[in-house]
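User: Please take a close look at how one chain of this model is packed. Start with confidence, then go through the helix pairs and the strands.

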Amino acid sequence: MDPRFTDLLRPFLKHAGPDELTITPETDLRRLGVDSMQAIELLFQLEDSFGIQLPNEDMNDATFATAGSLWRVVAAQLPDEESGRVTA
Amino acid sequence: MPELPATDPAGAQAADGAAPRDTAMSGSAAWAALGAAGHLARVYRGGDVRRGIDVDGLADVLATADARWAIPATLSASVQLATALPVLATGTGPAVERVLARALSGRATLALAATDTTAGTDLTALRTEAAVDTTGVVVTGGKKWITNATTAESFLVLARHRPGRHFANFTWVLVPADAPGVAIRPAPSTLYAGSGAGHVSFDAVSLNREHLVGRVGFGLPVFARHIAVERLAGALWGVALCRRVLTDTRRRLTGREHQEGTLWNLGHVRQRFAAALVRVRELHALTERSAPRVAEHYDLQAAATLKAAAGTTVPYVLGECAHLWGATGFADGGMQEIRAQAALFGIGGGTTEVVLETVAEGAERVLDDLGREVLQL
């Protein structure tokens, strides 16, 4: 996951304990504080920061479940060099 | 600047004695007057809705409306200025631009139709549907207690385009009031008839895609941002309303004979009045401090705090004033009627309990804001 993404995500995880400060793809967003209102704010910040628009079909509970699931949707909207994908 | 029409059938005077009040003015007529006077555009930076709210402009227009007209008429303007027009401006296309231009000039009113037939505090349970396909959208459902419903040229309808409670399941649709399948009826409310309050139903209203406003799925995110501005507008208006009512009340108290002096000379009356004054000063200070964060950054926490403050302060102040007016307060259009109307500050746009939940969610940040450095000893 891009450090810009984890840096942006961290302030939203207000229920994270001291042993959960490291964000991994398995980090449970809802359990750590990303409720509906927080998810809306997170969405706006992601789109503004990365200059992307998340597709309507990806804006669902599954996408906002974990840091990894959200990053996959964000990364899919980024140019290859920013998303970390290896191109042929 | 052109003058607003000055009619005063009731012979009432504005709080500062400078402008006559027309408490019978409807919300749509007040909106038209503000538009004809060129005041609506000044609410937005550079006169452009898409650039966001100009806080001073919004405060000036709301204070003007409050000084000239009754609470329902000001409500009619406030909802349009703070929420309906900015939400509409997130869209593009001929239908959106046409309605936006007509509304901004005061030639048409626009009703924000968010509250469904389900509980207003449970927005994600709303049932009104927008069936969207490649050719258009079909709206089916109903909305209740909508300000400007009976006068609106168009409705900005929050509808679900897919099932479930997720925040991305909702979309705004611009529905002309005269479209086949739209039925409007006035709400049974004498207190708020002047705001055009009513219920509206949509029976398979079929429209082309021009009528989709903003991105599909962005209905709630956009609403969340702009309801923050509506809460700021409520606080700005609340300060103006309390100031006007306190001014009227003080004028009455200083002019009402009691023994060798007036009611104003009674200590318990003065203290009761002063306590209300302190509450307005508190609301004013909070509003001044929070306004930039809400207007420029859509700070939901700051907006919720403002709404909670206005929702408790305005009913308190008007309740105190109504009491100080004594039996006269029960006259038609008197202070007791104004007090009853002002109960809306704790209900409309999010009840006090709902916004206090948002405040509680951000308690840590609020406490941090209040902190100061503890000096070494």
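**Confidence, then packing**

Within chain A, the mean pLDDT is lowest in helix H4 (residues 80-83) of chain A, at 67. Helix H3 (residues 67-76) of chain A has the highest, at 92. Over the whole of chain A the mean is 83. There, 88% of the residues reach 70 or more. This is a predicted model, and its scores are ipTM 0.74 and pTM 0.88.

One stretch needs a caution: residues 1-12 of chain B have pLDDT below 50. That stretch still has 21 contacts in the model beyond near neighbours in sequence. Where pLDDT is low, predicted coordinates should not be read in detail.

Now the helix pairs. A packed pair is described by the angle between the two axes and the distance between them.

Take helix H2 (residues 55-68) of chain B and helix H3 (residues 71-88) of chain B. Their axes come within 9 Å and cross at roughly 160°. H2(B) is therefore roughly antiparallel to H3(B), since angles over 145 degrees count that way. The crossing of H2(B) past H3(B) is right-handed. H2(B) contributes B:Leu58, B:Val61, B:Leu62, B:Ala65 and B:Asp66 to the contact. H3(B) answers with B:Ala73, B:Thr74, B:Ala77, B:Ser78 and B:Leu81. By class, this contact of H2(B) with H3(B) has seven nonpolar, two polar and one charged residues.

H3(B) also packs against helix H4 (residues 94-104) of chain B. The angle is about 155°, and the axes are 10 Å apart. So H3(B) and H4(B) are roughly antiparallel to each other. Here H3(B) passes H4(B) in a left-handed crossing. From H3(B) come B:Gln80, B:Leu85 and B:Leu88. They meet B:Val96, B:Val99, B:Leu100, B:Ala103 and B:Leu104 in H4(B). The contact of H3(B) with H4(B) has seven nonpolar residues, one polar and no charged.

H7(B) passes H8(B) in a left-handed crossing. On the H7(B) side, the contact uses B:Val314, B:Pro315, B:Leu318, B:Gly319, B:Cys321 and B:Ala322. On the H8(B) side, it uses B:Met335, B:Gln336, B:Ile338, B:Arg339 and B:Ala342. These residues divide into eight nonpolar, two polar and one charged.

Next, the strands. Strand S2 (residues 129-132) of chain B runs antiparallel to strand S3 (residues 136-146) of chain B. Four bridges join them. S2(B) and S3(B) form a hairpin, with three residues between them. S3(B) also pairs with strand S7 (residues 198-208) of chain B, in the antiparallel sense and over eight bridges. There, B:Gly142 has B:Ser201 in S7(B) as its bridge partner. In a regular strand, side chains alternate between the two faces of the sheet.

Last, the partner chain. Eleven residues of chain A are in contact with ten residues of chain B. On the chain A side, the residues divide into six nonpolar, three polar and two charged.

Conventions. Residues are numbered from 1 along each chain as its sequence is written. Chains are lettered from A and ligands numbered from 1 in the order in which they are written. This is a predicted model: local features need pLDDT of at least 70, side-chain atom pairs count only at pLDDT 80 or more; totals for chains, interfaces and linings use all residues. Axes are lines fitted to C-alpha atoms, for helices over the stretch in contact, and angles run from 0 to 180 degrees between N-to-C directions. Helices (H or I, at least four residues) and strands (E, at least two) are DSSP runs, numbered from the N terminus. Angles under 35 degrees count as roughly parallel, over 145 as roughly antiparallel, 65 to 115 as roughly perpendicular and the rest as oblique. A crossing is left-handed if the near helix is turned anticlockwise from the far one by less than a right angle, and right-handed if clockwise. Two residues are in contact if their C-beta atoms, placed from the backbone, lie within 7 Å. Ala, Val, Leu, Ile, Met, Phe, Trp, Tyr, Cys and Pro count as nonpolar, Asp, Glu, Lys and Arg as charged, and the others, Gly among them, as polar. pLDDT is the predictor's confidence in each residue, from 0 to 100. Two strands pair if DSSP finds at least two bridges between them.
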